[in-house]
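Thanks for asking me to look this over. Here are my notes, in numbered points, to read alongside the model.

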Amino acid sequence: LVKNGLQVLKASERVGLQELMALSNVDFDQFNEDVIGFKLAPQLNALGRLDDPNPALELLTGFDEEEAQQIAVMINEKNEERKELVQAIFDQAKEMINLDRPIQVLAKEGWHPGVLGIVAGRIMEEISQTVIVLAIDNGIAKGSARSIEAINMVEALNRDKGLLTAFGGHPGAAGMTLPAKNLEALSESLSAYIAENNIDCQQKNSLHIDQELDLSQISLETLKSLNQLAPFGMDNTKPLFLVKDFTLVQARTLGADNKHLKLRIQKASVET
């Protein structure tokens with residue numbers, strides 16, 4: 001369904017999608033699940049996080065080209081605003097981290113509640129700890145948690161659920177609302193849960209390796225053949241291979257803010 005759906009989407013006659021794909025600089029020669037996951041979906045999702053999501057529906061269902069173009073531009077601008085908000089809150093929240101604590105409960109007035117889950121996830125990846133990020137408004141704290149595998153977030157919150165007005169989620173992520181005066185008590189309760197269950201908070205999330213390969217086994221043909229397994233996603237993840245015993249020939253950073261790393265490695269006479 002997804003494989004064929006991508007081909008249908010690629011040739012979509014929906015003017016709104018066409019405008020959004022043009023603004024997103026979609027490469028139709030490389031039109032795959034990543035286009036949805038990292039370009040189109042975040043743009044559409046940004047509206048619901050920051051504002052009224054209805055224009056996204058109008059973009060997907062409308063047929064007026066001029067209106068579609070205006071909405072697509074607005075959605076693109078909202079997505080850029082979302083990125084800036086995430087970065088600003090991320091920077092502020094990082095300053096509040098206390099690594100002496102086994103879990104981070106970070107809260108502040110003025111933070112936008114629509115992007116706190118993204119911020120919590122980014123901080124969790126960076127410090128390998130469970131993180132809760134909340135916005136305080138009129139004495140009420142509302143936000144999201146992202147948890148390492150060692151901690152079941154819902155079970156942990158259930159320990160002293162009387163501290164919370166509402167909460168829900170799954171082991172790896174949760175949303176919650178509580179009086180701001182209970183934030184310190186929540187932090188203590190979660191720390192106690194970790195101690196009572198002898199949870200090792202230094203244990204990082206596991207990394208599943210599909211296969212260990214020798215560098216000589218890797219070729220362009222091998223890599224291209226993996227596309228037969230696509231499209232990839234949560235229930236069909238991209239294969240991950242481990243390569244050992246190589247020499248690093250060259251390394252350089254790429255992309256916005258140099259967030260990507262490109263390596264050139266070799267083993268004996270084989271190079272890739």
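1. E81 is partly exposed, with a relative accessible area of 35%. Bear in mind here and below that this is a predicted model. The side chain of E81 meets that of K78 in a salt bridge, at 3.6 Å from N to O. Both E81 and K78 belong to helix α5, where they sit three residues apart, or about one turn of the helix.

2. Taken together, D51, K78 and E81 are linked in a network of salt bridges.

3. How much cover does each member of this network have? K78 has 16% relative accessibility and so counts as buried, because the cut-off for buried is under 20% relative accessible area. D51 is partly exposed, with a relative accessible area of 45%, and E81 is partly exposed at 35%.

4. Another pair deserves a look. The side chains of E184 and R101 meet in a salt bridge, with 2.9 Å from N to O. E184 lies in helix α8 (residues 183–196) and R101 in the loop between α5 and β1 (103–109), so this pair ties together parts that are 83 residues apart in sequence. Both ends are partly exposed: E184 has a relative accessible area of 40%, and R101 has 33%. As background, side chains of opposite charge can pair when their charged atoms come close. The structure holds eight salt bridges, and the ones I have described are among them.

5. Now for the charges on the surface. D52, E58, D64, E65, E66 and E67 gather there in a patch of negative charge. Helix α5 gives the most to this patch, with three residues. D52 is partly exposed, with a relative accessible area of 36%. Over the protein chain there are 26 positive and 39 negative charges, and their mean positions are 4 Å apart.

6. There is a nonpolar patch on the surface too. It is formed by F246, L248, L261 and L263, with about 390 Å² of accessible area together. One of these residues, L248, lies in strand β8 (residues 247–254).

7. Where does P171 sit, and what does it touch? P171 is in the loop between β4 (166–170) and β5 (173–179), and at 44% relative accessibility it counts as partly exposed. Leaving out residues up to four places away in sequence, P171 touches S147, I151, N152, M153 and V154. P171 and E155 are 16 residues apart in sequence, and their C-alpha atoms are 7.4 Å apart in space.

8. T222 has its place in helix α9 (residues 220–225), where it is partly exposed, with a relative accessible area of 30%.

9. Finally, the overall picture. The protein chain has nine helices and 10 strands, and its C-alpha atoms fill a box of roughly 60 × 55 × 35 Å along the principal axes. Of its 272 residues, 32% count as buried. The chain exposes about 16600 Å², and carbon and sulfur atoms supply 50% of that area. Among contacts with a separation of 6 or more, 58% are between residues 24 or more positions apart.

Methods:
Residues are numbered from 1 along each chain as its sequence is written. This is a predicted model: local features need pLDDT of at least 70, side-chain atom pairs count only at pLDDT 80 or more; totals for chains, interfaces and linings use all residues. Side-chain values use heavy atoms; hydrogens and water are left out. Helices (H or I, at least four residues) and strands (E, at least two) are DSSP runs, numbered from the N terminus. Buried means under 20% relative accessible area, exposed over 50%, partly exposed in between (1.4 Å probe, protein chains only). Contact means heavy atoms within 4.5 Å. Accessible areas come from the Shrake-Rupley method with a 1.4 Å probe; for residues, only the protein chains shown count as cover. Lys and Arg count as positive and Asp and Glu as negative; His and the chain ends are not counted. The place of a charge is taken as NZ of Lys, CZ of Arg, CG of Asp or CD of Glu. Patches are made of residues with over 30% relative accessible area and no salt bridge: like charges are joined within 9 Å, nonpolar side chains (Val, Leu, Ile, Met, Phe, Trp, Tyr) within 5 Å. A salt bridge is a side-chain nitrogen of Lys or Arg within 4 Å of a carboxyl oxygen of Asp or Glu.
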